[in-house]
Amino acid sequence: MTEQVEVKIPFADLTEVTLQCPDCGAEISLDISKHPNVSDKCPGCAHAIDSKFDEAFSRLREWYLCLKDSSFGDKMFFRIKK
Ligand SMILES: [Zn+2]
């Protein structure tokens with residue numbers, strides 16, 4: 001039996017969000033501190049990128065900017081299982 005390890009990642013340590021193309025595996029990384037234009041196509045194979053990704057990234061970025069300089073900025077964590 002494989003034991004799962006839970007990792008606690010400070011929200012303030014978030015640097016990028018990466019989208020991986022389901023067809024070719026190309027990765028599109030977006031810097032959370034910037035507001036890049038998200039392409040509507042994969043740069044590797046032109047697979048259409050759902051506009052919901054751009055919307056979700058924008059919301060996450062707003063959340064990041066709102067909290068990073070607050071007193072909770074370094075007291076908020078993501079927990080992931082490895
Ligand atoms: Zn692709």
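Helices (H or I, at least four residues) and strands (E, at least two) are DSSP runs, numbered from the N terminus. By this definition the protein chain has 1 helix and 4 strands, and from the N terminus on its elements follow the order β-β-β-α-β. The radius of gyration of the chain (taken over C-alpha atoms) is 15 Å, well over the 12 Å that the globule rule (2.2 Å times the number of residues to the power 0.38) gives for 82 residues, so the chain is more spread out than a compact globule.

The structure is a predicted model, in which local features need pLDDT of at least 70 and side-chain atom pairs count only at pLDDT 80 or more, while totals for chains, interfaces and linings use all residues. Residues are numbered from 1 along each chain as its sequence is written.

Along the principal axes, the C-alpha atoms of the protein chain fill a box of roughly 40 × 40 × 15 Å. A residue is buried if 20 or more other C-beta atoms lie within 10 Å of its own, exposed if 12 or fewer, and partly exposed in between, with C-beta atoms placed from the backbone. Of the 82 residues in the protein chain, 2% are buried. Two residues are in contact if their C-beta atoms, placed from the backbone, lie within 7 Å. Among contacts in the chain between residues at least 6 apart in sequence, 45% join residues at least 24 apart.

The strands can be taken pair by pair. Two strands pair if DSSP finds at least two bridges between them. Strand S1 (residues 6-10) and S4 run antiparallel and are joined by 5 bridges. Within this pairing, Pro10 stands opposite Phe77 in S4, and Lys8 has Arg79 of S4 as its bridge partner. S1 is hardly covered, with 0 buried residues among its 5. Strand S4 (residues 77-81) also has 5 residues, of which the number buried is 0, so S4 lies largely in the open.

The other pairing is between strand S2 (residues 16-20) and strand S3 (residues 27-31), which are antiparallel over 5 bridges. Here Glu16 stands opposite Asp31 in S3. S2 and S3 form a hairpin with 6 residues between the strands, and in this hairpin Gly25 takes a positive phi near 85°.

Beyond S3, the loop between S3 and H1 contains Ala46. Ala46 is not a glycine, yet has a positive phi of about 70°. Ala46 counts as partly exposed because it has 13 C-beta neighbours inside 10 Å.

Helix H1 includes Ser51. Ser51 counts as exposed, because it has 10 C-beta neighbours inside 10 Å. The C-alpha atoms of Ser51 and Ser39 are separated by 9.1 Å, and the two residues are 12 apart along the chain.

Leu60 also lies in helix H1 (residues 51-68). With 14 other C-beta atoms within 10 Å, Leu60 is partly exposed. Leu60 and Val17 are 43 residues apart in sequence, and their C-alpha atoms are 9.4 Å apart in space.
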